[in-house]
Amino acid sequence: MKEHWAAIIEGMGEDLARPGLKDTPERAAKAYQFLTRGYHQSVDEVVNEALFPSDSSEMVVVQDIELYSLCEHHILPFIGKCHVGYIPTGKVLGLSKIARIVDVFARRLQIQESLTTEIAETIMAVTDAAGVGVIIEAKHMCMMMRGVEKQNSVMKTSSMLGSFREDLKTRDEFLGLLRLRQ
């Protein structure tokens, strides 16, 4: 990746011999390896059997999970927060594992619509929940820094599975807990 970054920087018309750019190709390669580390992680690794027996059948919500991703169209960041809710059926997922699942998929080249669905489907599969709801709110640098240059736009996406899709009361409870519905 280092050589490719060097070619990109030179393609911009920059001089790689300039002191400020001397180590930039290597730093950029390391940065993008970190930003796309989700390609080298699996859900099984991050969950690491952190499913615990529980009699709870009430909604579990984790709100405001920070997420950082790169749009697959321009390789520019989108930054936001993810809200996850699920209804357990005999087992609950370790709290930090929900955030780690978000990161596994966010740390890949993505579009927000797919990211939302992947997180929801994965949590549903891992927990065997009665239902899962995922909402992502994010600002996209590809829309803010280039193109239409709209600084205050926020994209919101949702994925509702199981009882979150089928039962309006469940969906309303989730949205109410997030204070997204008035």
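A residue is termed buried when its relative accessible area is under 20%, exposed when it is over 50%, and partly exposed in between, with a 1.4 Å probe and protein chains only. The model is predicted, so local features require a pLDDT of at least 70 and side-chain atom pairs a pLDDT of 80 or more, whereas totals for chains, interfaces and linings use all residues. Residues are numbered from 1 along each chain as its sequence is written, and side-chain values use heavy atoms, with hydrogens and water left out.

**Figure 1. Overview of the chain.** The chain has eight helices and seven strands; these are DSSP runs numbered from the N terminus, with helices (H or I) of at least four residues and strands (E) of at least two. Along the principal axes, the C-alpha atoms fill a box of roughly 65 × 40 × 20 Å. Of the 182 residues, 42% count as buried. Contact denotes heavy atoms within 4.5 Å. Among contacts between residues at least 6 apart in sequence, 67% join residues at least 24 apart.

**Figure 2. Cysteine 71 and cysteine 142.** A search of the whole structure finds zero disulfides, a disulfide being a pair of cysteine sulfur atoms within 2.5 Å. Cysteine 71 is in no disulfide, and its nearest cysteine sulfur, that of cysteine 142, is 4.0 Å away. Cysteine 71 counts as buried because its relative accessible area is 5%. Cysteine 142 is likewise in no disulfide, and it is classed as buried because its relative accessibility is 14%.

**Figure 3. The two aromatic pairs.** The structure holds two aromatic pairs. Rings of Phe, Tyr and Trp (its six-membered ring) pair if their centres lie within 6.5 Å; planes under 30 degrees apart count as stacked, over 60 as edge-to-face and the rest as tilted. Tryptophan 5 and tyrosine 32 form a tilted pair, with 5.1 Å from centre to centre and 40° between the planes. This pair links distant parts of the chain, 27 residues apart: tryptophan 5 belongs to helix α1 (residues 2-11) and tyrosine 32 to helix α2 (residues 24-35). Tryptophan 5 counts as buried because its relative accessibility is 19%. The pair of phenylalanine 164 and phenylalanine 174 is edge-to-face because the planes stand at 75°, with the ring centres 5.3 Å apart. Phenylalanine 164 lies in helix α7 (residues 163-166) and phenylalanine 174 in helix α8 (residues 168-178), ten residues apart. Both of these phenylalanines are buried.

**Figure 4. Arginine 37 and phenylalanine 34.** Arginine 37 lies over the face of phenylalanine 34, at 4.2 Å from the ring centre. A charge is taken to sit over a ring if NZ of Lys or CZ of Arg is within 6 Å of the ring centre and within 35 degrees of the ring normal.

**Figure 5. The nonpolar cores.** A nonpolar core is a set of buried Ala, Val, Leu, Ile, Met, Phe, Trp, Tyr and Cys residues joined through side-chain atoms within 4.5 Å. The largest core has 30 residues, and those with the most contacts inside it are Cys82 and Ile119. Two or more residues of this core come from each of α3 (43-47), β2 (60-71), β3 (77-87), α4 (95-106), α5 and β6 (131-140). The largest share, six residues, is given by α4. With neighbours within four places in sequence left aside, isoleucine 119 contacts Cys82, Val84, Val102, Phe105, Val134 and Ile136. A second, separate core of eight residues includes Ile87, Phe164, Phe174 and Leu175.

**Figure 6. Glutamine 112 in helix α5.** Glutamine 112 lies in helix α5 (residues 112-127) and is buried, because its relative accessible area is 1%. Its side chain reaches the backbone oxygen of isoleucine 136 at 3.1 Å. Such a polar contact is a pair of N or O atoms within 3.5 Å; within protein, one atom must be able to donate a hydrogen and the other to accept it, and residues adjacent in sequence count only if both atoms are side-chain atoms. Not counting residues up to four places away in sequence, glutamine 112 touches Phe78, Ile136, Glu137, Ala138, His140, Met155, Lys156 and Thr157.

**Figure 7. Threonine 127 in helix α5.** Threonine 127 lies in helix α5 and is buried, with a relative accessible area of 0%. The side chain of threonine 127 reaches the backbone oxygen of isoleucine 123 at 2.6 Å. A polar atom of this side chain also lies 3.2 Å from the backbone nitrogen of alanine 129.

Figure 8. Aspartate 64, although not a glycine, has a positive phi of about 65°. Aspartate 64 is placed in strand β2 and counts as partly exposed, because its relative accessibility is 36%. Glutamate 149, also a residue other than glycine, has a positive phi near 50° and is placed in the loop between α6 (141-144) and β7 (155-162).
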